[in-house]
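Please read it alongside the display below.

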Amino acid sequence: MAQITAIYNHFIAKTTITFETEPVSVLEMTHRMEHISAEFPYFVLVEGDEVLGYCYAHKWKEKEAYSKTVETTIYLKPGQEGKGLGTMLMDALTDACRKQGIHVLVACITYPNVASEHLHLKLGFEQVSRFHEVGFKFGRWIDIYDFQKII
């Protein structure tokens, strides 16, 4: 969990990929992982003792009618991009969601995030929305865009 936390905290501190603005503790990340993985798939890619990335699915909306739709989240350790690891993680997540009876995957991506956009398009997601200036971080307004895949 310490390595997962370090990966996530990097993106909090250095990027607009997440809208969180304060680092999280290992304990907080552990609680989040336990809560999410009790209901949805959560994968961690490890090589030797090194965490290279992780991904998971979680509730997209609270109302029961949305129960077969999930939001996906993926983070790779900096420097691990472009090696096929994101595809490997997302393929495993998609398969697990399909087996769980999930119908739609939604990826909410900050704009711009070319690497994430490219990954999701390659995996068969399509862009379905764009929301302008819904986040504010590092002194500027940030857009998000949603991608979905029916599985």
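1. The lining of the largest pocket draws at least two residues from each of H1, H2, S2, S3, H3, S4, H4 and S6. Helices (H or I, at least four residues) and strands (E, at least two) are DSSP runs, numbered from the N terminus. On a 1 Å grid over the protein atoms alone, a pocket is an open set of points where a 1.4 Å probe fits, with protein on both sides within 12 Å along at least five of seven lines, and lining residues have an atom within 4 Å of a point.

2. The model is predicted: local features need pLDDT of at least 70 and side-chain atom pairs count only at pLDDT 80 or more, whereas totals for chains, interfaces and linings use all residues. Residues are numbered from 1 along each chain as its sequence is written, and side-chain values use heavy atoms, with hydrogens and water left out.

3. The largest pocket has a volume of about 1100 Å³, a volume being the space filled by probe spheres set on the grid points, which are joined across faces, edges and corners. Its lining comprises 42 residues, and those nearest the centre are Ile17, Thr73, Ile74, Tyr75 and Ser116. By class, this lining has 21 nonpolar, 13 polar and 8 charged residues; Ala, Val, Leu, Ile, Met, Phe, Trp, Tyr, Cys and Pro count as nonpolar, Asp, Glu, Lys and Arg as charged, and the others, Gly among them, as polar.

4. The second largest pocket has a volume of about 150 Å³. Glu39, Phe40, Lys59, Ser67 and Lys68 are the closest to its centre among 14 lining residues. The lining of this second pocket divides into 4 nonpolar, 3 polar and 7 charged residues.

5. Asparagine 113 is placed in the loop between S4 and helix H4 (114–122). Asparagine 113 counts as buried because its relative accessibility is 12%, and buried means under 20% relative accessible area (1.4 Å probe, protein chains only). Apart from neighbours within four places in sequence, asparagine 113 is in contact with Ile17 and Tyr145, contact meaning heavy atoms within 4.5 Å.

6. Strand S5 (residues 126–137) runs antiparallel to S6, with 8 bridges joining them; two strands pair if DSSP finds at least two bridges between them. Phenylalanine 131 has isoleucine 144 in S6 as its bridge partner. The two strands S5 and S6 form a hairpin with 2 residues between them, and phenylalanine 138 in the turn has a positive phi of about 55°.

Terms used:
Buried means under 20% relative accessible area, exposed over 50%, partly exposed in between (1.4 Å probe, protein chains only).
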